[in-house]
Every structure is written in C-alpha cells, then in structure tokens.
Amino acid sequence: MALRELASLEKYLGLKKPNKYSTQGDKKVPVLQNNNAPPLVGLVTIACHLVKEAKRSELLGCGAEARAVVQQWLEYRVTKLDGHAKEDIKTILKDLNLYLQDKVYLAGNQFTLADVLMYYGIHSIILDLAVQEKEQYMNVTRWFDHIQHHPGVRHHLPPVAVLRNRLYTSRHH
Amino acid sequence: MTKEEVNGATEEEQHAQSKKALKKQQKEAEKAAKKAEKQAKLAAEQQSADEDDFAKDRYGLPAMVQSQEKLDRALVRVQDLTPEKADQLIWLRARVHTSRAKGKQCFLVLRQQQFNVQALVAVGDRASKQMVKFAANITKESIVDVEAVVRKVEQKIESCSQQDVELHIERIFVISQAEPRLPLQLEDAVRPDGEGEEEGRATVNQDTRLDNRVIDLRTTTSQAIFRLQSGVCQLFRDTLTKKGFVEIQTPKIISAASEGGANVFTVSYFKSSAYLAQSPQLYKQMCICADFDKVFCVGPVFRAEDSNTHRHLTEFVGLDIEMAFNYHYHEVIDSITDTMVQIFKGLRDNFQTEIQTVNKQFPSEPFKFLEPTLRLEYTEALAMLREAGVEMGDEDDLSTPNEKLLGRLVKEKYDTDFYVLDKYPLAVRPFYTMPDPNNPKYSNSYDMFMRGEEILSGAQRVHDAQLLTERALHHQIDLEKIKSYIDSFRYGAPPHGGGGIGLERVCMLYLGLHNVRQTSMFPRDPKRLTP
C-alpha cells in the first residue's frame with residue numbers, strides 16, 4: 001500500500017527514475033536504499049526526501065508555521081489514520097470536518113504534501129461512505145473531491161463519486 | 001465515684017424518666033383529643049354535607065345507561081363551542097382530560113376526540129362545596145354529562161382547542177367512571193421526541209402504546225392520523241368511481257398462492273388447506289376477463305414474510321386497481337397516478353387540521369408532487385444512482401437504501417416526493433408481467449414511490465394464455481395449481497394492467513411518519529397478534 005503510494009507520489013512530483021523500495025517489519029514500513037547515504041525508513045521521511053529531490057520544497061510549507069502544520073498532518077496520517085479502528089472513523093471524520101470548515105487545503109491556502117498523503121490515507125474510508133454520510137462530512141468531502149481532481153495526484157486510486165447538491169436537509173429521513 | 005453519688009444519679013435519672021413519660025402521656029392524650037375532635041368535626045361535616053348540600057341533585061353517579069328513558073336533551077359538540085354560543089345553557093358529553101382543584105374552584109379540561117374546552121365548577125349559588133369536591137375527584141378519562149353556561153373569556157386559553165370560551169358548570173354527572181390508574185398518560189403519548197427531556201418528562205414507547213392501543217388512539221395525533229386515513233379511502237373511492245370504476249369484493253381464502261407461495265399464510269380448510277390472499281390479483285384480472293373493464297377493491301391483504309421492519313405488516317389494507325386499456329399500458333399508469341394526485345390534493349385541501357396536528361408531534365416537510373406525475377425509466381434511475389457512486393448491475397432489483405437514495409436524488413432534481421419508476425427488469429417481477437416488446441430483458445411494469453419508499457407495484461399483465469403458460473413454466477410454477485387462472489384468458493381477454501397500494505404506507509409516507517404501525521389501527525406483524 002505504502003509502496004504504491006510512494007510510486008504515485010513520484011509520478012506526481014515528476015521524478016524520472018522510479019526508486020526501488022523494500023519493506024521491513026510486520027507493519028511493512030517502507031525503506032529506500034540510498035546509493036551514497038544510509039537507507040531512509042518510513043513513509044513520511046521518504047516522502048519528504050522525494051519532495052526535496054524534485055526541488056518542490058514549497059510542498060513542505062512556506063514559512064515556519066506552515067512547515068509545522070504540514071509536519072503535524074503528516075504525523076497525524078501515520079499515527080492516527082493508519083491502522084485506525086472501525087469505531088474511530090466517525091471521530092476522525094468529525095474532527096477533520098470541523099478543521100476543514102474554513103480551509104481549502106490542510107495547511108490553509110497552500111497545497112502541500114500533507115494533502116497528498118492524507119488523501120491517499122483516507123481514500124478507503126471515503127470510498128465506503130454512503131451518500132448521506134458524505135453529505136454529513138461535507139467539508140471533508142469537498143476537500144477530498146478537490147484533491148482527487150488535483151492534476152496528477154490520484155494515480156493508483158479509483159475516483160470517488162461526489163454530489164455537488166445537497167440531498168438531505170436538516171430534517172429527518 | 002461514691003455510692004451516694006451513684007444513688008443520686010439514678011434517682012435523678014428516674015425522675016427524668018418519669019418526667020419524660022409524663023410528657024409523652026400528655027402528648028398522647030392531646031393527640032387523641034385532637035383526633036376525636038377531628039373525627040367529630042368530620043362526622044359533623046359529613047352530616048351537614050348530607051343535610052345541607054343544597055346542590056345534591058346537581059352532581060353524582062347516575063344509574064348505568066340501560067336505555068331506561070329517552071331524554072329530550074340536545075348534546076352540543078365540543079368543536080361547536082364558539083363565542084356565538086356565549087351565555088347559552090347547554091348540555092355536553094365529554095371525557096375528563098384533566099382536573100385541577102383550587103380552593104373553592106375546580107378547573108376541568110373536557111375532551112371530545114381532538115377538541116377540548118376548559119370548564120369550571122365554582123362554589124356559588126349553583127354549586128356547593130361538596131359538588132366542587134366531587135368534580136375534583138372524578139378520575140381522568142371518565143365520561144361525564146355536563147350542563148353548563150358558555151362564557152366568553154378575556155384571555156385566550158392556549159392549552160385548549162376552544163380558546164375563546166369556557167364552560168361554567170351547573171350540573172355534572174359521571175356516565176362512565178375510569179379506573180384511577182391509567183396504563184399511560186395521554187400527555188406523555190403526544191409529546192414530540194426530545195421535547196421535555198430536560199424536565200425529565202416521559203415519552204411512551206411504541207410497544208406500550210400498541211399494548212394499550214385503545215387509550216393511545218384517543219390522543220390527538222392518533223385521532224388525526226386515522227381521520228386522514230379514512231379520507232384516503234374515501235378519496236380513492238370517489239376518484240375511481242368518477243372515472244367509471246366498479247368496486248368489487250374478492251375472496252380472501254384462496255386455493256393457490258398467486259406468486260409462488262413461499263410467503264403466504266396457510267389455513268386449514270376442512271380436510272385440506274387453503275391460503276390467505278396475498279393480493280386480490282387473480283380475482284381482479286378475472287373480473288377484467290368478465291368484462292367489468294375497470295375495477296378496484298379495498299380490503300385486507302396478508303403477507304407471511306417474517307420481516308420486522310418499519311414498513312412491513314403481516315396484514316394490511318390493500319387498495320387495488322385493475323383496468324383494461326386500449327393500446328398502451330401507460331393509460332393505466334396515467335389513471336393510477338391521477339388517482340394518487342387527486343388523493344394528495346384532497347388531503348391537502350380538506351385535511352389541513354389533521355396534517356397540522358400530526359406535524360406537531362412528528363414534524364415533516366409538506367408532501368410535494370408534480371402534475372402530471374414524473375415518470376422515470378429504470379435505466380435512467382440506474383444512471384442517476386451510478387452518478388452518485390452506487391454500483392449496481394443492469395438487472396438488479398433496487399435495494400431499500402438505494403430506493404431511498406433514489407428518492408432523494410429525484411427530490412433534489414425534480415422537487416417531487418411522488419414519482420413512477422417504469423420498465424423494471426423482467427427477471428425481478430412476477431410471472432404474469434408482460435415483457436417489454438423492445439427489450440426482452442425489461443418489462444412493462446412499474447413501481448410508485450412516496451418519499452423514496454415504494455407504495456405501489458404494478459404492471460401490464462399477460463392476457464394471452466399461451467404466453468402466460470410459458471412465463472409460468474419459466475418461473476417453475478405448478479400449472480395444475482393455477483389452471484383456473486390461466487383458463488380465464490382462453491376465451492378472449494382484453495389487454496389490461498393495474499397495481500396495488502398499501503393504505504398504511506400511503507398514510508405513513510404522506511405524513512412523513514417513521515413506522516407503519518403508527519398508521520395501522522391494530523397492527524399485525526410477526527411479533528404482534530394483540531390487541
């Protein structure tokens with residue numbers, strides 16, 4: 001999973017030569033063998049490395065504050081989102097929905113690596129949502145739809161249908 | 001401690017003890033005296049009550065009404081108590097909804113069906129103290145005959161349906177006394193969900209309601225629901241009769257199940273067994289073959305499906321239509337949808353009070369419909385669902401969640417709660433459904449939906465005996481068992497179609513309720529056979 005994600009990220013970043021990855025441990029943590037340096041371990045570490053290699057450091061955030069926010073969401077992705085329990089899904093979506101209420105991207109107005117990795121990470125959850133739930137977590141859905149249509153991001157993942165109109169009003173049914 | 005001291009102490013103690021005892025005795029004596037006095041007073045009161053009650057003939061428990069006499073007394077209805085009746089002396093029969101005594105006055109709320117009025121008994125030259133006491137002690141839900149003067153009130157009485165007048169009671173007689181403990185309180189049964197939660201007030205759950213249905217049916221909400229339901233039947237009949245339909249009665253005990261037979265009730269019928277009809281299908285069709293041209297019937301329908309859902313009953317009232325058409329089965333669809341529209345219009349125009357009453361407890365958006373009714377084809381519906389991200393095969397039947405979602409999508413796009421879904425896949429319909437001439441995978445069948453839930457299933461039927469036999473064989477139905485049905489088409493049968501509606505579902509969905517048991521007076525489901 002993580003390896004396909006890194007391959008997609010490489011394509012998005014426009015890196016010509018695909019890297020070779022291996023995994024380690026039960027959790028299949030990705031490892032990147034570097035020719036002239038010690039190997040890089042972990043999804044976020046490798047992803048940040050790829051961003052720098054592609055000379056797209058703006059994806060890690062412009063300014064100290066943005067950089068911190070990006071790192072925070074990258075951390076969230078691997079600690080909270082990966083390996084979440086089924087009963088956590090609602091909490092994750094609720095919190096994220098509230099956070100995204102006044103934001104286009106996770107780091108505010110700037111598209112960053114956090115958006116890409118959160119999108120990859122949350123895809124399976126969103127795919128399983130019913131239409132009514134997608135409407136309930138409207139801000140998450142809006143952000144998700146925006147990212148999946150961001151040029152070059154989606155790659156290995158199937159598109160998720162998102163309706164533009166509200167079907168369920170505040171009343172019951 | 002010296003001995004003397006000890007002695008002194010005990011003496012003192014004794015002294016104290018005897019003092020205490022004395023006091024106690026005194027107190028007891030006082031108490032007894034008081035009691036005696038009270039009793040004497042009570043007895044005196046009783047006596048004086050018996051003797052001095054000038055209003056003795058103005059209240060009480062009369063003998064049971066056994067039709068001893070024909071009183072020439074006009075009873076006014078509560079809903080007719082308006083300011084025009086002010087200062088008139090009237091008689092009235094109603095239930096005691098609540099009573100509240102306050103010193104020399106007793107306020108009663110008298111209820112008649114969904115209407116209620118405030119009444120008052122006050123000590124004066126018409127009523128005695130004893131009469132007020134009697135009025136205050138009448139148990140809730142008792143039925144009383146009341147003679148009273150109608151008086152205008154200065155401030156509107158918000159809690160009653162008759163807000164402009166109150167009754168000054170001159171006589172009050174209990175015709176039927178209710179037991180003091182009710183299994184449920186009417187106020188609790190009409191409380192909207194969530195309201196009164198902060199005050200810790202109770203609501204009554206559905207099973208308790210249904211167990212005590214007779215009392216639950218007295219609530220304003222139930223009264224309104226079933227008045228509206230009666231309206232649906234009446235509008236159905238009136239509309240169809242105007243269109244030249246004939247009402248028919250069909251047997252409910254039948255020899256063979258119309259659709260295979262898995263979900264029918266079996267009853268023992270002398271030495272063999274019979275089934276309870278799951279639809280009047282066969283008989284409606286036979287009437288068409290017998291030249292009745294356009295028929296409808298209103299009657300019970302039985303389903304032995306073990307489904308415990310919000311919208312399934314094992315016995316419900318079916319409103320069935322069958323009609324011969326000239327060239328295209330859309331003539332039938334148009335006829336049925338127009339009937340439905342007439343019903344919706346009739347409810348909207350004549351049952352606003354009932355709708356509002358139900359809405360108070362169960363809020364919902366007003367029911368919307370288009371004229372002419374929206375007709376979608378199955379393939380269009382599939383396209384809409386797929387666009388919304390639903391994965392479905394071309395010939396799959398609609399699942400309940402998908403039905404509901406489709407209802408939402410249609411409402412959003414066309415702003416209607418009522419629509420027809422046409423051209424279902426042939427594979428998911430019964431054997432007597434006419435295949436679509438243009439695409440044998442589809443059929444000339446349709447469902448109708450209200451608020452995204454199915455209320456009617458219908459189709460053009462096969463009126464050709466040979467094709468019918470083929471279709472029955474394809475569905476592996478024993479031809480022997482449906483011989484008489486197939487035979488009815490051998491002697492000239494006009495092309496025809498129809499459909500059946502569930503009365504309870506129509507009421508439930510029109511009012512935006514959540515459970516079909518709310519619109520069934522005495523619901524029957526796999527787990528309920530009483531009351």
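Okay, let's start with one residue: B:Arg151, which counts as partly exposed at 33% relative accessibility. Keep in mind that this is a predicted model.

So what does B:Arg151 pair with in a salt bridge? The partner is B:Asp87, and the closest N and O atoms are 2.8 Å apart. B:Arg151 sits in strand β6 (residues 143-152) of chain B, while B:Asp87 is in the loop between β2 (75-76) and β3 (89-102) of chain B, so this pair ties together parts that are 64 residues apart in sequence. B:Asp87 itself is exposed, at 53% relative accessible area.

As a general point, side chains of opposite charge can pair when their charged atoms come close. Over all chains, a search of the whole structure turns up 40 salt bridges. I'll walk you through a few others.

Next one, still in chain B. B:Glu395 and B:Lys441 form a salt bridge, with 3.6 Å between the closest N and O atoms. Here we have two loops: B:Glu395 is in the one between α10 (378-387) and α11 (400-414) of chain B, and B:Lys441 is in the one between β15 (418-422) and β16 (445-450) of chain B, so the pair ties together parts 46 residues apart in sequence. Buried or exposed, or in between? B:Glu395 counts as partly exposed at 30% relative accessibility, and B:Lys441 is partly exposed too, at 47%.

There's also a network of salt bridges, and its members are B:Lys284, B:Asp320, B:Glu322 and B:Arg461.

Now over to chain A. The side chains of A:Glu5 and A:Arg77 meet in a salt bridge, 2.7 Å from N to O. This pair links distant parts of the chain: A:Glu5 is in helix α1 (residues 2-13) of chain A and A:Arg77 in helix α3 (residues 64-81) of chain A, 72 residues apart. Is A:Glu5 buried or exposed? Buried, because its relative accessibility is 1% and the cut-off for buried is under 20%. A:Arg77 counts as buried as well, at 5%. And who else does A:Glu5 touch? Leaving out residues up to four places away in sequence, its contacts include A:Leu43, A:Leu117, A:Tyr120 and A:His156.

Let's move on to the nonpolar cores. The largest one has 52 residues, and among those with the most contacts inside it are B:Phe236, B:Met340, B:Phe418 and B:Tyr446. Which helix gives the most to this core? That's helix α6 (residues 220-242) of chain B, with 9 residues.

Not counting residues up to four places away in sequence, B:Phe418 touches B:Thr337, B:Met340, B:Phe344, B:Phe367, B:Lys368, B:Phe369, B:Thr373, B:Met448, B:Phe449, B:Met450 and B:Ile455. Apart from this core lies another, of 51 residues, with A:Leu100, A:Leu113, A:Trp143 and A:Ile147 among them.

Out on the surface, B:Ile253, B:Tyr269 and B:Phe270 form a nonpolar patch, with about 370 Å² of accessible area together. B:Tyr269 is in strand β10 (residues 266-269) of chain B, and B:Tyr269 is partly exposed, with 39% relative accessible area.

The domain assignment gives domain 1 (78-176), domain 2 (186-218) and domain 3 (221-518). How far apart are the C-alpha centres of domain 1 and domain 3 of chain B? They lie 48 Å apart. That's it from me, thanks!

Methods:
Residues are numbered from 1 along each chain as its sequence is written. Chains are lettered from A and ligands numbered from 1 in the order in which they are written. This is a predicted model: local features need pLDDT of at least 70, side-chain atom pairs count only at pLDDT 80 or more; totals for chains, interfaces and linings use all residues. Side-chain values use heavy atoms; hydrogens and water are left out. A nonpolar core is a set of buried Ala, Val, Leu, Ile, Met, Phe, Trp, Tyr and Cys residues joined through side-chain atoms within 4.5 Å. Buried means under 20% relative accessible area, exposed over 50%, partly exposed in between (1.4 Å probe, protein chains only). Helices (H or I, at least four residues) and strands (E, at least two) are DSSP runs, numbered from the N terminus. Contact means heavy atoms within 4.5 Å. Domain bounds come from an automatic or database domain assignment. Patches are made of residues with over 30% relative accessible area and no salt bridge: like charges are joined within 9 Å, nonpolar side chains (Val, Leu, Ile, Met, Phe, Trp, Tyr) within 5 Å. Accessible areas come from the Shrake-Rupley method with a 1.4 Å probe; for residues, only the protein chains shown count as cover. A salt bridge is a side-chain nitrogen of Lys or Arg within 4 Å of a carboxyl oxygen of Asp or Glu.
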